[in-house]
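Hi,

Here is the structure I promised to pass on. Have a look at it first, and then read on for what turned up when I went through it.

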Amino acid sequence: MNVADSQRISSTLERLGYLPAARLQDADVVVLNTCVVRQSAEDKALSWLHALRPLKQQHPGIVINLMGCLVGIKGSEKLKQRFPFVDVFSAPSDPEPLVAYLTQNESQILEQKELQQRLNIQDGGFLLPLNERGKLVSAYVPVVLGCSHACTFCVITYRRGAEHSRPAAEIIAEVRSLVQQGVREVTLLGQIVDRYGKDIPEGPNLAGLLRRLHQIDGLERIRFLTSHPGYLNSDLLDVVAELPKVMPHIEVPVQAGDNEVLEDMRRGYTVEDYYRLVENIRSTLQNKTPGVSIATDIIVGFPGESEAQFLHTYDLLKDLRLDVAHLARYSPRPDTVASRHLADDVSEQEKWRRFRLLESLQEGIAGEINAAYLHSQVEVLFEENVRGRWKGRTPTNKLVFVESEENLLGQIRSVQISWTGPWSMQAILI
Ligand code: SF4
């Protein structure tokens, strides 16, 4: 979501006539887009912020904009006192405060309409930042903003606000314009993406939106994330199975493999529900090529998580053999129910131990799953050249590297897998 927000800020600044600066000290405007989903992310944001203070002292004319979840939606009074050198504070996904600040004395604003016409972007379209236009193959498109679920560990509800869906017409216009600029794949984003359209009585829901996007010529692949086990239903899976452009990769976090922990997290489903869901995903999407992949998220060391409860999570991961597990160590986040009412009583050392156990388990599982791809043929969409090798993804979102003198950017090509590891594969063009 932050990648998408940053693209929108870049695009907005370019409409005002700004261009990317090669070095921080050459910039007229610095936007620090922040994440606070875990303490480590917040620490990183704060350390960047401290690093900007001397820059502002040396170049007082520079405009510093602090944006994102560190600011949140509820005002920035405390941050203003703490960081007086910051000129503009803005909530996630909101470029308006920066635009208002920059344009208060400006008369020469490059009109969006003029630029859109020059680039033949239809009304409602989204102009990619200059350095990505014609180069970006896979784009993120936010479709649901905010989240109202309020899981007890999660700060998103307090920082990104209540859930609301973007109108379908706006999303479709945006995707069309992205395709005009060279994009071949879009990933629809929402904290609970399956809830798309629940607040729009005339619809469509996510399945309906996928159907409409599927009709866009030139768009080759569609993905969506993140799903929630309570909302990813059979109707949606049927549409994924039916539409060839919708990729067979599902991101559906379980967070814990123990029912008491899940209840304390207020996730709204049980371990048994999750097992049934994985079975349903696999059986519904079994005819997709090359099969289906599933990614999950897990938090270790949630308040009160005992060794036995952790081992339930370990067993779940071992049993289900999912393709990817994004692992995190619990850290209390401000305002959340867990931080206010539950003691953070699993030591850091223990959190790390649990994290590493899951990490090494998952490394083995992912290695084995990927090894089954060896010598097989798959279709890969190539996204970029990384130090002389082309990087792309299979429909199941596996990372594939190919050495080729050809320009493969934006192409979908058949490859034969020649090497596999837990995190990536190598292949040769067929
Ligand atoms: S559903 Fe996801 S984003 Fe929403 S509160 Fe729970 S963890 Fe946070």
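Let's start with helix 1, which covers residues 2-15 and so has 14 residues. From its first C-alpha to its last it reaches 20 Å, close to the 20 Å expected at 1.5 Å a residue. Keep in mind throughout that this is a predicted model. Four residues of helix 1 to click on are D5, I9, S10 and L13, which are buried. Seen down the helix axis, the buried residues fall within an arc of 140°, so they line one face of helix 1. After the helix comes G17, with a positive phi near 100°.

P129 also belongs in this part of the picture. It is found in the loop between helix 5 (112-118) and strand 4 (138-142). Leaving aside neighbours within four places in sequence, P129 is in contact with Q7, S10, S11 and E14. S10 is one of the buried residues of helix 1. P129 and S6 are 123 residues apart along the chain, yet their C-alpha atoms are separated by 9.5 Å.

Now the core. The largest nonpolar core has 93 residues, and V141 and V143 have the most contacts inside it. Helix 8 (residues 206-214) gives the most to this core, with five residues. As general background, nonpolar side chains tend to be buried together in soluble globular proteins. If you want to see what surrounds V143, select S165, R166, I171, L188, L189, G190, V193, Y196 and L209: V143 is in contact with these, leaving aside its neighbours within four places in sequence.

Around the ligand are C147, H149, A150, C151, C154, I156, T157, Q191, I192 and H228. How many of the residues in this shell are nonpolar, polar or charged? There are six nonpolar, four polar and no charged residues.

Next, some backbone spots to check before you set anything up. Most residues other than glycine have a negative phi, and most peptide bonds are trans. Here are the places that depart from that:

- The peptide bond from G203 to P204 is cis, with omega near 0°; P204 lies in the loop between strand 7 (185-189) and helix 8.
- The bond from L225 to T226 is also cis, with omega near 5°.
- Q255 has a positive phi, near 75°, and is found in the loop between strand 9 (249-251) and helix 10 (259-265). With 22 other C-beta atoms within 10 Å, Q255 is buried.
- N397 has a positive phi as well, near 70°, in the loop between strand 13 (389-393) and strand 14 (399-402). N397 counts as partly exposed, with 18 C-beta neighbours inside 10 Å.

T394 lies in that loop between strand 13 and strand 14 too. It counts as buried, with 25 C-beta neighbours inside 10 Å. Not counting residues up to four places away in sequence, T394 touches P290, V378, V380 and V400. T394 and L342 are 52 residues apart in sequence and 42 Å apart in space, C-alpha to C-alpha.

Last one: E307 lies in helix 12 (residues 307-320). It has 9 C-beta neighbours inside 10 Å, so E307 counts as exposed. The C-alpha atoms of E307 and D344 are separated by 15 Å, with the two residues 37 apart along the chain.

Cheers

Key: Residues numbered from 1 in each chain as written. Predicted model: local features only at pLDDT ≥ 70, side-chain atom pairs only at ≥ 80, totals over all residues. Helix = DSSP H or I, 4+ residues; strand = E, 2+ residues; numbered from the N terminus. Expected span 1.5 Å × (residues − 1). Buried ≥ 20, exposed ≤ 12 C-beta atoms within 10 Å, placed from the backbone. Arc of directions from axis to C-beta. Near = placed C-beta within 6 Å. Nonpolar A, V, L, I, M, F, W, Y, C, P; charged D, E, K, R; others polar. Core = buried A, V, L, I, M, F, W, Y, C linked by C-beta atoms within 7 Å. Contact = placed C-beta atoms within 7 Å.
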